[in-house]
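Please read the following points with the structure open beside the text. They are set out in numbered order for a reader new to structural description.

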Amino acid sequence: MRIILLGPPGAGKGTQAKSMSESLGIVHISSGDLLRDHQARGTELGSTARSYMQQGLLVPDELIIGMIQERIKLSDAEKGYVLDGFPRTVEQAGALEAALEKQGETIDRVANIRVSEEELIMRLGGRWICRHCQRPYHEVNAAPRKHGECDDCEGELYQREDDVPEAVSKRIKVFAEQTVPLIGYYNGKGNLVEVDGEGSIEDVRESLLSAVS
Ligand code: AMP
């Protein structure tokens, strides 16, 4: 099963993609995590991407498309995957479709997680992430048991450079301008489902699982 999760920054795509991948037995592929991993390893792609990411801008399509095409060819993606954060432009969606078509494959479902702008700003402003397992926390709504430490793996919690207010507003604007057209794109293909992302993590998880099954 090949699934795409669409939604604005802060919609919960990372949390939900991780949980869906565990329930469905398929891999979670996050373009943002792959880029942050490149940065941590000091690759050329990582340093090029960093200047865009810090400003809340999209990394150029040609860099992202190549990175994802390589990732989905790995053997752990054979049974399927949940794509989180990719595609983010119509050009990326077209490139993905063309790559899949060559292997006689298609995307089965695209789930769009909807969350209001006020809620997104609140969520991203207080977000902390585990450096080790990427689990997100929120200083008010979902605080870790011990300050600065992940409940699951005891990893160090950090705030993303692009969760500062200027980058958050830019990311929301970029989503509206460059990613929202994808909703129409996939709707036209007949495999789009809409999910309300403002309930509890468990409620959203249930809605997503029933929408994609
Ligand atoms: P995310 O972790 O999905 O919020 O992504 C963090 C940042 O990585 C984004 O704000 C972009 O700068 C970059 N990024 C992630 N995925 C993509 C993509 N599909 N296309 C372009 N840039 C991306």
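**Notes on the fold**

1. Helix α4 (residues 61-72) lies across β2 and β3, running at about 170° to β2. Axes here are lines fitted to C-alpha atoms, for helices over the stretch in contact, and angles run from 0 to 180 degrees between N-to-C directions. Helices (H or I, at least four residues) and strands (E, at least two) are DSSP runs, numbered from the N terminus.

2. The model is predicted: local features need pLDDT of at least 70, side-chain atom pairs count only at pLDDT 80 or more, and totals for chains, interfaces and linings use all residues. Residues are numbered from 1 along each chain as its sequence is written, and side-chain values use heavy atoms, with hydrogens and water left out.

3. The strands form an open sheet of 5, in the order β2-β3-β1-β4-β8, with parallel pairing. Its edge strands are β2 (27-30) and β8 (192-196), each of which pairs on one side only. From one strand to the next, the twist averages 20°. Two strands count as paired if DSSP finds at least two bridges between them. Strand β1 (residues 2-6) and strand β4 (residues 109-114) pair in the parallel sense over 4 bridges, and L6 stands opposite N112 in β4.

4. Which residues of α4 are buried? They are D61, I64, I65, M67, I68, R71 and I72. They cover an arc of only 165° around the axis, which puts them on the same side of α4; the arc is that of the directions from the helix axis to the C-beta atoms. Buried means under 20% relative accessible area, exposed over 50%, and partly exposed in between (1.4 Å probe, protein chains only). The face turned away from the buried side of α4 carries the exposed residues E62 and E70. Among the elements covering the buried residues of α4 are β2, α2, α3 (44-55), β3 and α5 (90-102), where contact means heavy atoms within 4.5 Å.

5. In helix α7, the buried residues are A167, V168, R171, I172, V174, F175 and T179. Seen down the axis of α7, these fall within an arc of 165°, so they line one face of the helix. P165 and E166 are exposed on the other side of α7. The cover over the buried residues of α7 includes β1, α3, α6 (117-125), β5 (127-130) and α8.

6. How do two helices meet? The axes of α7 (residues 165-179) and α8 (residues 181-189) come within 5 Å and cross at roughly 35°. In this contact, A176, E177, Q178 and T179 of α7 meet P181, L182 and I183 of α8. By class, the contact has 4 nonpolar, 2 polar and 1 charged residues. Ala, Val, Leu, Ile, Met, Phe, Trp, Tyr, Cys and Pro count as nonpolar, Asp, Glu, Lys and Arg as charged, and the others, Gly among them, as polar.

7. Two single residues complete the note. Q92 is placed in helix α5 and counts as buried at 2% relative accessibility. Leaving aside neighbours within four places in sequence, Q92 is in contact with D61, I64, I65, F86 and P87.
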